[in-house]
Amino acid sequence: MRRHQALVSGFALVFLIVSLLAPARAAAQETPRRGGVLLAAIAADAPSLDPHQEQTFATMQLVAPLYSTLIQIDPYSYPKIIGDAATEWKIAPDGLTYTFKIRPGIRFHDGSPLTAADVKATYDKIIFPPAGVRSIRKNTYSAMSSVEAPDPSTVVFKLKFPSASLLGNLASPWNVIYPKKYLDRDPNYFKNNVVGSGPFKFKSYTRGATFEGERNPDYFVKDRPYLDGYKFFISTETAVRAAAIRSGRAWVEFRTFPLSEVEAIKKQLGDKVVVQETPATGLFGIAMNQTQKPFTDIRVRKALTLGIDRSTAGRVLYPIASLRDVGGLMRPTTEWAIAESELQLLPGFWRDAEKSRAEARRLLAEAGYPNGFKVVLKNRNVRTPYIDFGVYVIQEWRKIGIEAEHRPLETAAWFADGRDTGNFEVIVNGTFNYMDDPDLFLERYTSGDTSNWGRFSDPRIDDLFARQARALDPGERRKLVIELQKIVLENAYHIPGLWWARSMVHWAKVKNYVAPPNHYSNQKLQDVWLAED
Amino acid sequence: MATSIELAHASASATLAPKPSVTEVVARFVRTKPLGAAGGVIILGMLFLAVFAQMLAPYDPYVGDYGLQFSRPSAEHWFGTDEFGRDVMSRIMYGARIALFVGFTASLIGCTIGALLGVISAYWGGRVDLLLERLMDILLAFPQLILALAIASILGPAVQNVVIAISIPVIPRVARVVRSAALSVKENVYVEAVQALGATRRRVILQHIIPNVAAPYIIMLTAQLGAAILAEAALSYLGLGAAEPTPSWGLMLSGSAPSYAEKAPWIALFPGIAISLGVFGFNLFGDSLRDALDPKLKG
């Protein structure tokens, strides 16, 4: 046994991350100033406060500063993984056991200590949710066989088969750690309540209006956070949020502003604001309900995707809606993306838009709709980029005879119709993840997945997804990932639109925030500080 | 002798004067109420645009020319183009349809239901009156737009829901006015006479009361039209009315328009002018019509 342990230790890759080093490095340039409440604007309200059950930035950004996670993406260096509640971890050479050491002295906001039992209860809720509890990311952990807490400072994840993305998935900002005793009482407790161990404590929440957190004086990272608190103003209107930034009612909008707003803000505030531009790990598209006609017909689905001129969309939508890059189901320029030359052979990605439209009309006629048909396009009532993207698609579809009625819904109703009940014909939906990871991006095309809003099923996709998830060789995994994407696109199971480009605007006095290519990670705000005006 | 004959002739011609023709009525209206007539011209103009939008609009209001995003007013695009390169003038022309449709249907529904409730309330009196009036009191407690907002947010954004949302707050206002008119009509001797002759309630209401409360009904109808157009614009502006890309004036004014106020002010300017002009037209016409129809205001 001892020999075995020694062997494991010998081969194991040991990640020792001292997370205190990261803020120290960034703070070296300027002396951080304590105090002040960070004022932020946000484009949507949270459907619930439980990140395990939600997938919107609205939930994430509001509550992320209140919680800790096991490990996390380095706030200063995406996609590097560093510790949070865990200080170090070991991966067994066979890739089937992950052992984490929990940092001592972490306390929840109610005063109770954070131990391995809480981490186990948290991950049990995510991976093996009890009846009546939704877990959005359950399938991401299909490799997991058990989570164990042999002692208060050790958590062990045991796997049935190796998982190439597991460490990244454990660094998910969504997997916030809850105290076990509340979960035991009610697994849905955290939909409406907050008991975390993050740098900030919950202060107040007025639905649809504001959300506030205040400094946690007992935070486990010494001398953090710098801020006394943070306050979000909620408004779905881009113009309102931009006006809030311009007037100094808010100093940061963590998601994005369209280029035209950025230009106007820059023009007015000049050096007082900073714009951080990054490509973004978000793909906006359209799900077709494949449990009902005519979307069961591949010809109709192909026509709908052929009817959208994507390269023009990038040109039109980038200045007004931050949607820019044409790509497949994995972000262009990443190792998982389909090569440009291959992409152009797939329906909807042809160079010649007129030829695409002609083919779309031919397919519609062949499917029995020579004059097109009427359809209701449901959408989320958030202007950037949902509404603008929806309007573009409606215009494009008119050219092939599809008359779409646009129906924007409140965030909760949009999730309810799209994700939960399938009460839609076609619906604008996006996939936005905290990492360029095939597990995160492609799971939604597998049978029965919660994020498979189109409700289609293809065993080839399920098989490829399972195989790529286990493929530890990056080359082999890449091949499988490309093949999977091609099946989805060739069969038009889903209509990808455009990939996002993020323009994050904040006042220059908001210091020490580095925008990653997503708006989920780096939201704990523990290192952010406010300079004097 | 000759004088008395002439007088008798004059009085006879006065009593037997033929009913003035429509042209004469219109001519007199124009002469006596020039502002009202101007309002009428604006309404006719809107109606013309709405009916013939398909022929008059130079471009498709739904499909933009992507090469011409945010282009200034020019010979090709008189009112410029919006963020999708759509022709603002064509969208305003089609927008007249929505404005008039919502304006007419909402005020017609609201005024008709209100008038019926007012007449019922006045004629039946007693408990029916008490109950209906308290119900109207509850509705009147909310400002018109706030009530419309609440209803629209429950029903969700769609043109037909906007009609419902706008028409409901109109009901109590019309019911009150019509009730008071009906109460005075009810007390007239001829009503008592037909009741004494055994006329049914239905006959009394339909043939004797309703025709006599038509004037306040028509006045309220025209007065509410302008308000309804404005309410539609307000609801669309707040995201509770028609949904993009429907060319609704209020919607054109909201959405992205405020974001582009500096870069492309014409996107918001022209729909704003259209709303003002439409509401102005209906208000002018409604005011003059009230003056013309209300016997108390006749000099």
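Figure 1. On the chain B side 19 residues are in contact with 20 residues of chain A, contact being defined as C-beta atoms, placed from the backbone, within 7 Å of each other. The chain B residues that touch chain A comprise 9 nonpolar, 6 polar and 4 charged. Nonpolar here covers Ala, Val, Leu, Ile, Met, Phe, Trp, Tyr, Cys and Pro, charged covers Asp, Glu, Lys and Arg, and the others, Gly among them, are polar. In this predicted model local features need pLDDT of at least 70 and side-chain atom pairs count only at pLDDT 80 or more, while totals for chains, interfaces and linings use all residues. Residues are numbered from 1 along each chain as its sequence is written, and chains are lettered from A and ligands numbered from 1 in the order in which they are written.

**Figure 2. The two domains of chain A.** Domain 1 takes in 2-198 + 509-530, and domain 2 runs over 279-501; the bounds come from an automatic or database domain assignment. Their C-alpha centres are 30 Å apart. Contact between them involves 26 residues from domain 1 of chain A and 24 residues from domain 2 of chain A. The domain 1 side has 14 nonpolar, 11 polar and 1 charged residues.

**Figure 3. The extent and burial of chain A.** The C-alpha trace spans about 70 × 60 × 40 Å along its principal axes. Of the 533 residues, 54% are buried, that is, with 20 or more other C-beta atoms, placed from the backbone, within 10 Å of their own. Among contacts in chain A with a separation of 6 or more, 72% join residues 24 or more positions apart.

How values were computed
Two residues are in contact if their C-beta atoms, placed from the backbone, lie within 7 Å. A residue is buried if 20 or more other C-beta atoms lie within 10 Å of its own, exposed if 12 or fewer, and partly exposed in between; C-beta atoms are placed from the backbone.
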